[in-house]
Structure formats: C-alpha cells, structure tokens
Amino acid sequence: MSWFAPVRPEARIAVLRSVLYVFVLLDMHVIVRDPIPLSHHTELYRPLDLAVLLHLPPPSLPLTWTLYAVLVVGCLVAAAGRAPRLAGWVVAAAFTWWVAIGFSYGKVDHDHLALVVALWLLPTVGAVPGGWSATRSSAQAGWVLKCVQIAVVATYFLSAVAKIRSGHWTLTSWPESYILMWAIVRRPHGLGQLLVPHPGVLHVMQWGSILAELSSVAVLWLRGRALLAAALFWMGFHVFTVALLYIHFAPTVVCWLAFAPLERLRPWWRARHPPLEPPVPVPPRPGSALVSR
Amino acid sequence: MTVPDVAEVRPAGRWSLAWRVLATLVLVVLLFNGSLRLEDKAWPFGPMSQYAFSPPADDTIAITRVYALLADGQRVEVPLRVETAGISRAEIEARIPSIERDPSLLRTVSDGWTARNPTGPRLTELFLVADRTHLLRGQVRSKDLVTLAEWRVTP
C-alpha cells in the first residue's frame, strides 16, 4: 500500500499545481494551439473514441472559444491555489477536451499523457493549508505524485512496447530500421542533417533509445543521486531530440517535477532572502543625548 | 539545542487508500491495454505510437506540401502551419486519401491562407504534392515531386 501512496509533503503538490496550471496556459498557446483554427474545418474532423463515448459535440468556434476562456480563468484560479478541487477538475476536463480536439484531425501525440493524468489527480488532494510553505505530509499527496511518476515512465516504456508491437513483436526490427533517417528527412531542421550520411550512427542511437525506454521502469524505484542521475539522463535525452529533430516532449518533461523535492524550494528561497527585521528601538543611555543638527 | 519539528501527517483511512491503489492499477491496465491492442483514436488510453514503425532501407519518404498558383501568376508553396494556413502538415497528411477523392477539401488551406493574408494575391489553384526522397540501402539516392491532387479555387 505504501508504495502506491507514500507519505509525501503536501507543499510538493502546491508547487506542482502552480507550475502545471501555468504550463497548461503555455501549452494551449504554444503546443496544442490549433483547436480554434481547426474548428473551422468540420469536414476533416474524426472524433476520438473519448468524444464518441461521451457524446461530445463536434468542435465549433463557440465551443473552442468557450473552452479557451474556461481554461484561462480556471488555470489562473487553480495556479493561485484557490478552489483546488473545483478549479482543478474544471481545468482537467476542459484541457482533456481541448487536447482531444487538437488530436481529432489525424495526428495524435503521446507527450500529454502524464500532464493529463496529473491534472485529473491533483484536485484529489484538496486544499493544502500553507501552500508552498505547507508543513503537512500525506499519503493523499504521495499517491498523486506516484501516479504522475507512473504516467511519465509509462510514456517511455509503452512507447518501446508500441515499437516492438509495430515490428511484429520483435525487439530488433525498430532499432535496425531507418526510422531516424525517415524522421530527419521529414524534419530537416536540426543537427540530424549532419547524421544523414551515417546510418550506422543512427542505428546506435535507435538501440540506445529503445533500451533506455525499456529500462525506464526502474526509475520508479530509484532514490537520491541515482534518481537525480536518471532524471538528468532523460532531460539530456529530450535536449538531444530537440537538437536532432525539434521534438521536445515538454508536457512530459514538466511532469518530471513529480520526482523532485519541490517542498525545499520555499525554505531554500527564504534562507537566501530573509525577511527584513523590523527596527528595534534602542533605549537611550543615561547621560547621552541624540543631537539633531 | 533545537527541538526538531514533528511533521504533521494528514490521516488517510483504509478505504481512502484502497480506492487509490485500485485506481492506480486500473490506470496501468488501461495504459498497457492501449499500447498492446488499441489504435490512436483511443487517446488518452491509446498506444504511444509516434515513430513506432520500421521504415526499410529502400523506403520512400514523403513530405506533404501544398503549392499554389496566385492570381499574379506566381507559383508559391503555402507553408502548412497553423500560423500561415490555419492547419498543419500532420492534419493534411492524415487526410490525403480523402483529399485525393475530393480535392475540394483543399479549401481548408485556401480559406486559412486567405484569412491570414487578406491583402495578398488571390489563390487560384492549389496542388497537393508529395515531396519524395528515395532511399537505397539506407542512403539518400534521389528526390522527386508527385502531384496527388489539384483543385481550382472556387469562391
């Protein structure tokens, strides 16, 4: 039981909430930024299973603009730590719908899994008295963090599973294929251009990638420096894919914060920026006098 | 000597923990089920399918482009990005068979472009083109362009 819901500081949830709700605002303007323009093109819309199951109406301009407004207001309220359950679930539902619309025109990305999981689960912790400075810990907080961690790791591990599945359940077909060559030719922006004449190097990178994805599950049991090393490795991996192909996976990257001791942020800041002490009046010494000039 | 803070721990009942463990297991099962059996349209419980396929050494790699004939006679590429055409390349690529059957679906691009360039020259004709790179034993051998669909822009 305690592995699924370890007791963790609630301040970590408060910080994670602030960061993720601000990130959602960024995401809807920079990453999944097309639901409003796409809603002009009903002829290209193909609903996801989720939209069919929930009988969601097809996207339209009034609908997507409403979602936009709800998300902006909801994120600002939730990032401020107000009405954490109501605002949190409104943002979760609206953002899931927003992203689902963005993914209903043929291209589905899998970089949003951990973020969507985090948005649905963060409200379950409820109010965190003290916010970023909260001193209370709870299994409720630990469970949310654990689920977000599982979703982050699943993004890697299950992408390896999907690659093995696509190769008729053989491990070698994907890393021995020309997938990176394919990706670089189609996204001829980054450093990948330099590697086109060297398919052998690309194969080594593909092997490294799938082996790292398969072993990513171990991250769930790492602690301390080993966890830090794993986190730095994956951050490096994402920096590398940006340099190679301009593929960033930012929504997954930001969810790595669920592994970080975010509760130390406020004490760390306080120690470096101590509050100004109020002036203490000095009692006058007998026989001395302050002379004003 | 300072007295260490006694950390306050919020109580959690047995039922409260039980449903959380159960929910975690359901999440993991749904995610595995998606990657093992389902397709993209099952998002967020679908497979992590980006780049999950295996192009062969002699593959043909296609980039989808849209070219336009302007009213002033120029032939230009309409960049398939939300900022320029109101729709991105991936969405057009996903609908290539539909556009080949019904080229008037390219109206999506012309409307998006015109809305963002109201003062520019009018688009008169659109061409959906595959910009192909042919590999031979894993090396780039040649490139060509193939027109997949064309549509005379109607008001």
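User: Why is A:Y246 called partly exposed?

Analyst: Happy to explain, and please keep in mind that this is a predicted model. The relative accessible area of A:Y246 is 48%. Buried would need a value under 20% and exposed a value over 50%, so A:Y246 counts as partly exposed. You can find A:Y246 in the loop between helix 10 (224-245) and helix 11 (250-255) of chain A.

User: What makes the phi of A:Y246 worth a look?

Analyst: Most residues other than glycine have a negative phi. A:Y246 is not a glycine, yet its phi is positive, near 60 degrees.

User: How do you know that B:R137 counts as exposed?

Analyst: The cut-off for exposed is over 50%, and B:R137 has 65% relative accessibility, so B:R137 is exposed. B:R137 also has a positive phi, about 50 degrees, although it is not a glycine. Its place is the loop between strand 4 (123-136) and strand 5 (139-152) of chain B.

User: What makes the peptide bond from B:W43 to B:P44 cis?

Analyst: The omega of that bond is near 10 degrees, and the bond is cis. Most peptide bonds are trans. B:P44 sits in the loop between helix 1 (14-37) and strand 2 (60-70) of chain B.

User: Which residues line the largest cavity?

Analyst: Both residues of the cis bond, B:W43 and B:P44, are in the lining. Chain A residues are there too, including A:V108, A:D109, A:H110 and A:L113. The largest cavity has a volume of about 70 Å³, and its lining has six nonpolar, two polar and two charged residues. B:G46 is one of the lining residues, and Gly counts as polar in this scheme.

User: How many cavities of 30 Å³ or more does a search of the whole structure find?

Analyst: The search finds two.

User: Which helix gives the most to the lining of the second largest cavity?

Analyst: Helix 5 of chain A does, with three residues. Helix 3 (49-53) and helix 5 (84-102) of chain A each supply at least two.

User: Why is strand 2 of chain B described as largely enclosed?

Analyst: Eight of its eleven residues are buried, so strand 2 of chain B is largely enclosed by the rest of the structure. Buried here means under 20% relative accessible area.

User: How do you know that strand 2 and strand 4 of chain B pair?

Analyst: Pairing needs at least two bridges, and these strands have eleven, in the antiparallel sense, so they pair. Strands 2 and 3 of chain B form a hairpin with four residues between them, and B:G73 in the turn has a positive phi of about 95 degrees.

User: Why do strand 1 of chain A and strand 1 of chain B stand at the edges of their sheet?

Analyst: Three strands form an open sheet in the order 1(A)-2(A)-1(B), with mixed pairing. Strand 1 (8-9) of chain A and strand 1 (8-10) of chain B each have a single partner strand, so one side of each is left without a neighbour in the sheet. Strand 1 of chain A is joined to strand 2 (residues 136-138) of chain A by two antiparallel bridges, with A:P9 standing opposite A:S137.

Definitions and conventions. Residues numbered from 1 in each chain as written. Chains lettered and ligands numbered in written order. Predicted model: local features only at pLDDT ≥ 70, side-chain atom pairs only at ≥ 80, totals over all residues. Heavy atoms only, no water. Buried < 20%, exposed > 50% of the residue type's maximum accessible area, 1.4 Å probe, protein only. 1 Å grid on protein atoms, 1.4 Å probe; cavity = no way out; pocket = protein on both sides within 12 Å on 5 of 7 lines; lining within 4 Å. Points joined across faces, edges and corners; volume = space filled by probe spheres on them.
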